[in-house]
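Please open the structure in a viewer and keep the selection tool at hand. The stops below proceed from whole chains to single residues.

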Amino acid sequence: MITPTHYMVLSAALFIIGVVGVMVRRNIIIIFMSIELILNAVNINLVALSKQLQNDIGQVFAIFVIAVAAAEAAVGLGIILAFYRNKETVNIDEMNLMKW
Amino acid sequence: MQSICLIPLLPGIGAAINGLAGIRYFSRKAAGGVACATMTAALGVALFAFWQLLQLPADARAFDVTVAQWIPSIPLQMRGGAIGSFQVPWGFRLDPLSGMMTLVVTGIGTLIHVYSTAYMADEPRGGVARYFSYLNLFCFFMLMLVLGNNFLVMFVGWEGVGLCSYLLIGYWYEKKSASDAGKKAFIMNRLGDWGFVLGVFLIFVTFGTFDFRAVQNAAATMPKETMHFGVLSFICLFLFVGATGKSAQIPLYVWLPDAMEGPTPVSALIHAATMVTAGVYMVGRNAVLFSQAPMVMSIVAIVGVLTAFMAASIGLVQYDIKRVLAYSTVSQLGYMFTAMGVGAFSAGAFHLMTHAFFKALLFLCSGSIIHAMAGEQDMRRMGGLKKYLPVTFATMAIGTLAIAGIPPLAGFFSKDEILFRAFLNNKAIWVIALSTALMTAFYMARLVYMTFYGEYRGPAWDVAARPAVAVAARHGAPHPADAHAHGRAHQDDHEVSHGPAEPHDDPGGGHGHHGPWHGPHESPTPMTFPLMALAVGAIVAGFVGIPAALGGGNAIEHFLEPSFTASGVAQEASGVAQGFSPAGEAEQAAGLKPRAATEPEVSRKTEVGLMILSVLIALAGIGLAYRFYVTNPAIADDLAERWAGAHRTLSNKYYVDELYNATIVSGTFASGRAFWTFDRRAIDGVVNGTGWTTLVSSWASGLTDRTVVDGLVNLVGRICEEGSFWFRRFQTGLVQNYALLMLFGIFAFVSIYLFVR
């Protein structure tokens with residue numbers, strides 16, 4: 001039997017993987033993918049609790065998150081593409097212009 | 001008689017032509033020609049107008065011409081609340097007095113213009129045109145002064161002749177003494193003009209008009225101020241102050257001798273014949289006013305006779321030929337004022353006319369001598385010139401006899417008339433005047449004897465001498481008689497008078513001093529002709545005034561009579577005109593003393609006796625001079641040594657110039673210095689103090705600005721800068737740093753949420 005705890009653990013594991021990926025990787029594409037993992041960990045949580053609480057709002061919310069994530073992916077990839085055209089790299093350590 | 005306005009206008013046109021075009025474009029001959037032509041034309045018009053005047057009945061001889069309105073009518077609040085009107089026309093008036101004066105000015109002026117063409121022939125070309133322009137301008141103003149029918153037109157002329165006098169005295173302006181003399185004359189004249197202007201103001205305030213005739217008629221109706229010093233007396237006193245300036249009387253006479261720095265024809269025209277008599281003329285013009293103020297008349301007489309005496313005594317010992325004549329002029333002007341002062345207006349005017357003839361003659365003769373001696377003016381360097389200058393000698397002798405008062409020459413009649421009237425009025429004045437006559441005869445005879453008789457004492461000349469030698473001879477070796485410093489007048493005169501070293505394109509008819517000086521020589525015809533003409537004048541001018549005592553009619557007195565009385569007023573009531581009414585010889589002789597009017601026979605005998613006495617006095621003066629300077633020249637030196645103090649005083653002109661220098665001139669300088677010190681200390685101090693205060697306050701303001709205001713601003717900046725130095729390290733620009741910080745923050749918050757709460 002799969003209990004909400006399983007979902008929670010899976011979600012937490014995905015979230016941790018995503019955060020660690022964001023923190024430690026230097027390739028911006030990978031960081032982007034890690035952000036997707038974080039979002040999907042949240043989605044799992046939403047859907048699982050929606051089922052547990054018998055409340056469909058959680059399902060709707062998850063769909064909204066997916067829609068926003070799709071938009072975010074489009075914009076983010078556009079930025080990355082523009083960045084790559086200027087710097088010919090996707091290393092995030094090169095993206096340090098926004099400082100003092 | 002519209003043409004009388006042409007009389008002043010013609011010389012004015014000449015002055016404009018010469019002044020505007022002549023200085024640049026005219027040759028010497030053209031400039032002289034223009035000037036002489038305009039003056040001759042003016043003389044012609046004047047003669048014609050005078051002839052017209054004589055056609056009129058005796059008591060209606062006057063032409064009034066108003067050319068234009070000068071100052072249009074302006075309503076004015078008068079004293080006493082009445083509304084008067086202030087208006088001045090360009091009005092000219094030809095009456096017997098101004099007619100006589102006009103003839104003198106135009107006649108003698110024309111002769112002197114002719115004379116000047118030769119005398120100034122060695123001047124640079126532009127200088128000649130300038131000279132003639134000034135001379136014509138002078139005649140213009142002088143005729144305006146004479147012909148003006150109100151005080152303001154007269155004042156225009158009065159100031160104008162002063163200006164021209166200044167310009168002509170300073171004609172050789174490169175010479176310091178000449179420009180100084182010009183300034184002196186101008187300033188002295190201004191002092192007098194101050195009085196004249198005050199008098200004119202007072203006249204307007206009192207009478208509400210400037211017109212001579214209107215003022216006289218109004219004044220004649222006012223009570224005579226015998227006992228108190230009223231408004232009429234003040235008017236007359238102020239006018240007389242003006243006259244002392246213009247006519248060189250005490251105390252303002254010192255400019256006239258210095259004015260001899262000008263060219264000699266100028267001295268003859270302005271400083272002998274015409275301008276200096278303007279004061280006498282003005283007093284005569286206002287005879288009615290003066291008659292109403294007997295106390296001022298006494299002042300006039302006393303000043304006149306003292307001036308006559310003092311100037312004559314100075315003239316006794318001068319060595320500069322022109323200065324002797326200058327002091328003689330001052331002295332003769334004193335005579336005229338004496339005549340005016342004792343009420344003998346027509347005698348004064350008569351003497352004015354005769355004096356104009358013989359003094360112009362004497363000055364022109366002295367010019368001829370100076371010309372002959374190549375600029376020498378010191379009589380000690382002349383002598384024995386009779387054989388070199390026959391015409392000059394003859395004419396000068398006539399002039400000398402005329403001024404000395406030898407009958408039947410002109411001076412005799414006019415001077416004796418004055419002496420007689422002075423005798424009737426006041427014996428003391430008469431005695432002084434008579435002693436002046438003695439001195440006059442003496443110094444004039446001395447002048448002639450020193451110049452024309454004896455041995456030639458001047459510099460030697462050599463027919464073949466080079467110019468340098470001649471100049472050195474003239475100015476180098478001092479003459480034995482040169483111990484007395486004879487002034488600066490003749491030094492440099494030659495060099496200056498013959499102009500700067502400009503190449504002379506016109507040799508002046510072959511009669512210049514360009515080459516070596518060939519010794520004394522007679523002057524050319526344009527110079528001798530005026531001498532002869534004036535000599536004739538000096539002989540015959542007196543015949544118009546042969547007194548009744550000698551069987552004459554004294555025509556001039558009857559002729560001038562209407563000018564000295566108010567018209568259309570009850571003359572008998574005023575008591576003024578009685579003395580001069582043409583009724584009979586008795587009243588004529590009476591002067592201001594009615595006592596004499598009752599004794600006509602006695603006074604006539606007295607008059608003849610006085611004439612004989614004055615002729616004897618004159619002869620005595622001439623004889624004395626003959627003894628001193630011809631037969632026994634040592635006497636003069638002996639006397640000078642025996643009376644060394646007196647001689648020194650006279651030679652130094654009574655130290656009047658020194659007195660004026662010590663008091664007025666240095667006083668002016670001292671007050672100027674005081675004012676300057678005040679200016680420097682107080683006024684400049686305030687200005688500088690203000691500046692200094694501004695400087696200091698702005699310095700303080702700047703300091704505050706720099707330290708306090710800028711300090712605050714900089715402090716804020718420094719604080720921000722220093723503070724941000726550490727904080728900005730957090731902003732690395734690396735996204736993962738920020739994300740890590742966010743993570744730590746979330747951990748922190750969540751930890752607090754979970755464990756602390």
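Helices and strands are here DSSP runs, of at least four residues (H or I) and at least two (E) respectively, numbered from the N terminus. The model is predicted, with an ipTM of 0.85 and a pTM of 0.74.

**Chain B as a whole.** Select chain B, whose secondary structure amounts to 30 helices and 2 strands. Of its 757 residues, 50% are buried. When contacts between residues at least 6 apart in sequence are considered, 79% of those in chain B connect residues at least 24 apart.

**Confidence.** Colour chain B by pLDDT: the average is 84, and 87% of the residues score at least 70. Next select residues 464-514 of chain B, where pLDDT stays under 50 and the model has 68 contacts beyond four places in sequence. Residues 568-599 of chain B also have a pLDDT below 50, with 58 contacts in the model beyond near neighbours in sequence.

**The interface.** Display both chains. How many residues of chain A are in contact with chain B? There are 11, and they meet 10 residues of chain B. The chain A side of this contact consists of 8 nonpolar, 1 polar and 2 charged residues.

**Helix α8 of chain B.** Select residues 231-246 of chain B, the 16 residues of helix α8. In α8(B), 14 of the 16 residues are buried. Just after α8(B), select B:Ala248, which takes a positive phi of about 55 degrees.

**The largest nonpolar core.** This core holds 220 residues, of which B:Phe138, B:Ala360, B:Leu361 and B:Ala538 touch the most other members. Helix α15 of chain B (residues 345-372) supplies its largest share, 18 residues. Centre the view on B:Ala538: beyond four places in sequence, its contacts include B:Phe357, B:Phe358 and B:Leu361, as well as B:Ile398, B:Gly399 and B:Ala402.

**B:Met373.** Finally, select B:Met373, in the loop between α15 and α16 (390-404) of chain B. Is B:Met373 buried or exposed? B:Met373 is buried, because 26 other C-beta atoms lie within 10 Å and the cut-off for burial is 20 or more. Leaving out residues up to four places away in sequence, B:Met373 touches B:Met382, B:Gly458 and B:Pro520.

Methods:
Residues are numbered from 1 along each chain as its sequence is written. Chains are lettered from A and ligands numbered from 1 in the order in which they are written. This is a predicted model: local features need pLDDT of at least 70, side-chain atom pairs count only at pLDDT 80 or more; totals for chains, interfaces and linings use all residues. Two residues are in contact if their C-beta atoms, placed from the backbone, lie within 7 Å. Ala, Val, Leu, Ile, Met, Phe, Trp, Tyr, Cys and Pro count as nonpolar, Asp, Glu, Lys and Arg as charged, and the others, Gly among them, as polar. The expected span of a helix is 1.5 Å times one less than its number of residues. A residue is buried if 20 or more other C-beta atoms lie within 10 Å of its own, exposed if 12 or fewer, and partly exposed in between; C-beta atoms are placed from the backbone. A nonpolar core is a set of buried Ala, Val, Leu, Ile, Met, Phe, Trp, Tyr and Cys residues joined through C-beta atoms within 7 Å. pLDDT is the predictor's confidence in each residue, from 0 to 100.
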